[in-house]
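Visitor: I've got a model open and would like to learn how to read it. Could you walk me through a few features?

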Amino acid sequence: LAVDHHAISILVDTLYIIGGHAGDIINTFSTVYGYCISTGTWSEKGSLPVHLAAGAAMSHDGRIYHFGGTDAFIGHAARNYYPEVLMYDPQLNDWQAVAPFTHSREHITCIRVDNQIAIAGGRTYNGTGFAMYDRIDLFDPLTGQCGILSYLPVASSGLQGAMMDEKLYCFGGEDLSDYTLSNLHHAFDPASLNWEKVSQVP
């Protein structure tokens, strides 16, 4: 299956490819495939309940959580964004909605922060233009609650992030309100709730 804008996650020794869309940017997928690293084989897993592309996923405590995504990239039509956090249970080989994701969007990134999952940046499209997001949501898999952690210094979609030395680092991204790319690099300290600008991506 040729696919892009899919989400990706790892459970034990299996790499999961989740949703996405075809190169024609019209057809989105609900299919999920697993690549077993130890055997070098692929298998089809339980499908998402809806077709989704440009979402993000993160594994936690033996399950995969999927956030956001859109059902279509058709021309200039307004897009629908999935309003629930989805959880995959490998024992049941099935997905279920476990919590509301009120500010659902696409082109987000997920970062594990201690035992919680941060969902940063993103964008939505209403048929006439893009709305860019600077919010970082924080989802707690234990309680099923999703709240706000902080706000990015610059609204961005398509960025990437990682947690290291107890700081959350965010890199790059795009601003489709004026179609510019970013080489910015910021670090967030969850303890002090402070941001700092770090050396730019070369």
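Guide: Happy to. Keep in mind that this is a predicted model. Let's start with W42, which is exposed, with a relative accessible area of 52%.

Visitor: Why does W42 count as exposed?

Guide: The label goes to residues over 50% relative accessible area. W42 has 52%, so it counts as exposed.

Visitor: And Y35, what does its relative accessibility make it?

Guide: Partly exposed, because Y35 comes in at 27%, and that class runs between the 20% limit for buried and the 50% limit for exposed.

Visitor: How are the rings of Y35 and W42 arranged as an aromatic pair?

Guide: For ring pairs, planes under 30 degrees apart count as stacked, over 60 as edge-to-face and the rest as tilted. Y35 and W42 form a tilted pair, with 50 degrees between the planes and 5.1 Å centre to centre. A search of the whole structure turns up eight aromatic pairs. There's also an aromatic cluster made of Y65, F67, F101 and F139.

Visitor: How many bridges join strand 1 to strand 2?

Guide: Five, and strand 2 covers residues 14-18.

How values were computed
Residues numbered from 1 in each chain as written. Predicted model: local features only at pLDDT ≥ 70, side-chain atom pairs only at ≥ 80, totals over all residues. Heavy atoms only, no water. Pairing = 2+ DSSP bridges. Helix = DSSP H or I, 4+ residues; strand = E, 2+ residues; numbered from the N terminus. Phe/Tyr/Trp six-rings, centres within 6.5 Å; stacked < 30°, edge-to-face > 60°. Buried < 20%, exposed > 50% of the residue type's maximum accessible area, 1.4 Å probe, protein only.
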